[in-house]
Amino acid sequence: METLHYLSLGFGVALQPENLMFALIGCFIGTLIGALPGLGPANGVAILIPLAFTLGLQPETALIMLTAVYAGAMYGGRISSILLNIPGDEPAMMTCLDGYPMARKGKAAEALAISAIASFMGSLIATIGLILLAPLLARFALTFGPAEYFALFVLAFATLGGITGKNPMKTLMAAAIGLIIATVGIDLSTGTQRYTFDVLELYEGVDFIIAIVGLFAISELLFFIEEKAGAGRGMIKVNPLKLNWREIGMIFPTTLRSGVLGFIAGVLPGAGASLGSFITYTLEKKIVGKKGYFGEGDPRGVAAPEAGNNGASSGALVPMLTLGVPGSGTTAVLLAMLVSLNITPGPMMFTQNADLVWGVIAALLVGNFMLLLLNIPLVGVFVKILSVPPMYLLPIVTMVAFVGIYSISHSTFDLYFMIAFGVGGYILRKLEIPLVPVILGLLLGPEMEKNLRHAMQISDGDWSILWGSGLSIGLWLVAIIGLLLPVIVGPILRRRMQAAKATTQD
Amino acid sequence: MFVAKSIRWVATAAVALTATSAFAFEPTGKVECIAPSDPGGGWDFTCRSVGNVLEALDLVPASVQTINMAGAGGGVAFAHTVSKRAGDDQLLVAASTATTTRLAQQQFPGMDADMVNWIGAVGADYGVIAVSQASPYHTLTELMDAMKEDPRAVKFAGGSANGGWDHLKVLIAAKAAGVENLPRIPYLSYNNGGEAMTQVIGGHVDAFTGDVTETQGFLNSGDLRVLAVLSEERLAGDFSDIPTAREQGIDAVGPNWRGFYIPADVDDDARQYWVDALDTLYASDEWKQVMQNNGLMPFHPGSQEFESFVKQQISDIQTLSQDIGLIR
């Protein structure tokens with residue numbers, strides 16, 4: 001009942017004309033970014049953060065726009081998967097398996113429509129899940145003391161690589177780089193400066209936003225300069241849409257199952273959307289069995305991963321909003337945004353910034369309808385934009401990044417810093433070291449350190465406080481499972497994914 | 001002949017004009033106010049709200065432009081004011097207890113409080129010590145007695161770094177109450193007061209140290225029990241039920257003031273103008289309204305006293321920081 005009251009409050013915020021407009025802009029840009037191969041949701045949100053600062057948006061408006069970008073990117077990822085057989089982002093990989101064959105059979109429009117409907121259903125189910133679960137978890141969050149938080153952060157790091165991560169060593173290195181950068185600045189627990197070398201600008205540590213925009217947006221630009229990939233790509237023509245209710249009915253149970261499963265995968269910290277789309281596809285294939293023709297353009301094979309990854313993306317917001325622990329790379333970027341808006345995620349936010357939290361949740365629902373409308377009739381527009389050469393898009397991105405970062409602090413030092421991060425990000429990507437763990441290390445490292453030291457202070461140096469409660473023991477167990485599972489199951493799953501992909505490409 | 005005459009006339013007029021402006025300074029054109037933080041913080045609020053009221057009272061000819069210059073907890077702005085703006089009489093810089101704390105602990109390398117002019121305060125937020133509703137402590141005296149037995153008996157959570165203002169408030173109160181071995185008192189530093197309060201209410205840490213306006217939400221919901229406010233007298237309004245530390249026999253006062261400094265090498269007239277302007281502002285109804293809307297409490301030492309207040313606060317903080325071994 002209380003939830004309904006807050007939700008109506010949230011709709012009051014989300015339906016303000018300004019917020020509606022920015023939600024629509026966010027949905028549109030998000031879909032676009034998702035559709036561009038290589039630009040994932042984390043990059044998308046990172047690129048648009050400076051825009052939010054440049055426009056001087058209210059915190060709720062900024063956050064509504066960025067969550068809309070996030071949701072839009074999850075929708076958009078499927079477009080290039082289906083039309084180009086290149087996933088727009090990692091979670092959309094599974095959509096290639098049946099989406100591209102469908103498109104080759106001349107059913108591109110149907111594949112796009114089905115995946116849009118499945119995305120919509122997945123998001124809807126997960127947003128409802130978020131509405132039901134988040135307030136419960138927020139109250140529960142009061143039972144999290146330093147020891148429990150520490151275990152939770154260990155869990156987040158343990159599941160970092162996720163099941164689809166390629167090289168665990170490189171993931172670990174990336175996280176370590178993030179942790180190293182995070183030690184710069186004042187040490188809260190002793191009040192001393194670390195690695196600041198009397199440079200005043202370093203006293204407050206490295207700003208997450210500058211690191212994120214540099215690592216993602218600027219390195220993207222450098223990649224572009226290197227590749228000079230000016231021309232658009234050849235792609236399949238989109239046929240006129242012929243979709244009947246029977247076909248939508250056929251995918252309905254699939255989307256329902258996959259949405260729920262995706263949501264659960266998303267709620268687990270670290271697991272995220274890739275896992276969501278992978279397990280839903282595999283499960284759906286098992287359930288349908290021999291009656292289906294998975295891998296050869298089965299609509300259910302398009303619907304399942306799309307419902308799964310959209311469900312997971314909303315699910316990942318649950319730990320981010322309630323505990324301040326991001327469930328994925330993109331939510332980590334959103335978390336950094338919250339922190340720089342002076343809003344502390346966690347149980348406090350649900351009482352003290354109720355209009356903001358519920359405004360964002362309501363905006364997710366509204367945005368989801370917008371995205372469905374954008375993605376069925378307007379899919380042709382996105383397909384056209386996909387063929388616009390990036391030489392026009394990336395300079396705009398760069399300009400927005402520079403203006404935005406400068407408008408935060410009015411400091412040229414920050415601009416140099418951003419460029420340095422861009423160059424660093426470029427080198428890391430060349431070495432195939434993933435960037436998301438760097439951000440997670442940067443963001444979670446100080447929190448993890450702080451909670452460990454607090455736990456030690458409370459227990460007067462007794463380490464057993466770390467596994468002193470049922471809750472922390474549970475978290476440690478999940479962390480151990482999260483650490484071992486990818487090592488054991490990962491290679492098997494990846495081989496199957498590769499095999500499945502190889503067969504479709506033959 | 002005619003030309004020479006007019007030149008002489010113009011020259012006389014010019015001399016006369018300079019003479020008047022030398023007697024009474026008045027700002028011309030745009031006045032700048034540096035907020036040493038990102039938009040949205042406390043210093044940003046100080047600049048913007050004071051700027052608005054100065055305009056409304058016609059104490060400035062045009063607008064007051066707020067410039068955000070974040071970094072090093074005010075250090076970047078302080079360094080900028082010292083090295084690049086000496087003699088600039090059209091510049092205000094927002095400051096607070098956070099500024100004096102960092103100056104006291106030599107956190108702005110090579111700089112000290114004498115390098116700028118301290119012109120006045122426009123209000124304050126007072127420190128509190130609070131516990132959760134379920135806590136066994138009901139008065140500050142009980143809490144301090146427990147700490148006299150064992151300095152590690154009560155663990156504090158606050159929103160500033162170790163050695164920061166929230167930590168210092170605990171030490172000020174403990175010192176006044178006669179607790180020995182101050183460095184042994186556990187202080188857990190959180191990113192902000194809200195996070196710290198959540199941990200106290202969740203029962204993970206024993207007591208909260210922060211500013212009184214931070215506690216409003218949890219005070220109304222009844223989750224938090226404020227044991228004492230570190231002000232000279234009881235506060236007005238919603239907070240009038242909170243006893244002061246002094247009432248409980250512990251002579252501890254901890255105002256987190258909000259005020260301004262201006263660059264060094266500014267004419268005495270200009271300095272006096274800004275001191276008077278803040279006096280006028282503080283007495284105005286417009287400013288009283290701002291204070292009421294934003295939970296700012298009365299705090300306004302007389303014009304000459306402010307500079308010595310700042311120096312005194314810095315030397316007090318220095319002593320405390322030495323006591324706990326933060327600085328030598």
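How are helix 4 of chain A and helix 16 of chain A oriented relative to each other?

Analyst: This is a predicted model, and what follows describes that prediction. Two packed helices are described by the angle between their axes and the distance between the axes. In chain A, helix 4 covers residues 59–84 and helix 16 covers residues 379–386. The two pack at an angle of about 75°, and their axes are 11 Å apart. Angles of 65 to 115 degrees count as roughly perpendicular, and helix 4 of chain A and helix 16 of chain A are therefore roughly perpendicular to each other.

The residues that make this contact can be listed. Helix 4 of chain A contributes I79(A), S80(A) and L83(A), while helix 16 of chain A contributes F382(A), V383(A) and L386(A). Sorted by class, the contact between these helices has 5 nonpolar residues, 1 polar residue and no charged residues.

Next comes the chain around this pair. Chain A has 20 helices and 2 strands. It has 506 residues, of which 58% count as buried. Among the contacts in chain A with a separation of 6 or more, 81% are between residues 24 or more positions apart.

Chain A also touches chain B. In this interface, 28 residues of chain A are in contact with 34 residues of chain B. On the chain A side, helix 14 (347–352), helix 17 (390–409) and helix 19 (436–458) each supply at least two residues. Helix 14 of chain A gives the most, with 4 residues. By class, the side of chain A that touches chain B has 10 nonpolar, 14 polar and 4 charged residues.

Chain B has a contact of its own, between domains. The domain assignment gives domain 1 of chain B as 25–124 + 256–323 and domain 2 of chain B as 125–255. The C-alpha centres of these two domains of chain B lie 27 Å apart. Where they meet, 15 residues of domain 1 of chain B are in contact with 15 residues of domain 2 of chain B. On the domain 1 side, helix 4 (97–104), strand 9 (255–263) and helix 11 (303–323) of chain B each give two or more residues. The largest share of that side, 4 residues, comes from helix 11 of chain B. The residues of the side of domain 1 of chain B that touches domain 2 of chain B divide into 8 nonpolar, 6 polar and 1 charged.

Methods: Residues numbered from 1 in each chain as written. Chains lettered and ligands numbered in written order. Predicted model: local features only at pLDDT ≥ 70, side-chain atom pairs only at ≥ 80, totals over all residues. Contact = placed C-beta atoms within 7 Å. Nonpolar A, V, L, I, M, F, W, Y, C, P; charged D, E, K, R; others polar. Buried ≥ 20, exposed ≤ 12 C-beta atoms within 10 Å, placed from the backbone. Domains from an automatic or database assignment. Axes fitted to C-alpha atoms, helices over the stretch in contact; angles between N-to-C directions. Parallel < 35°, antiparallel > 145°, perpendicular 65-115°, else oblique.
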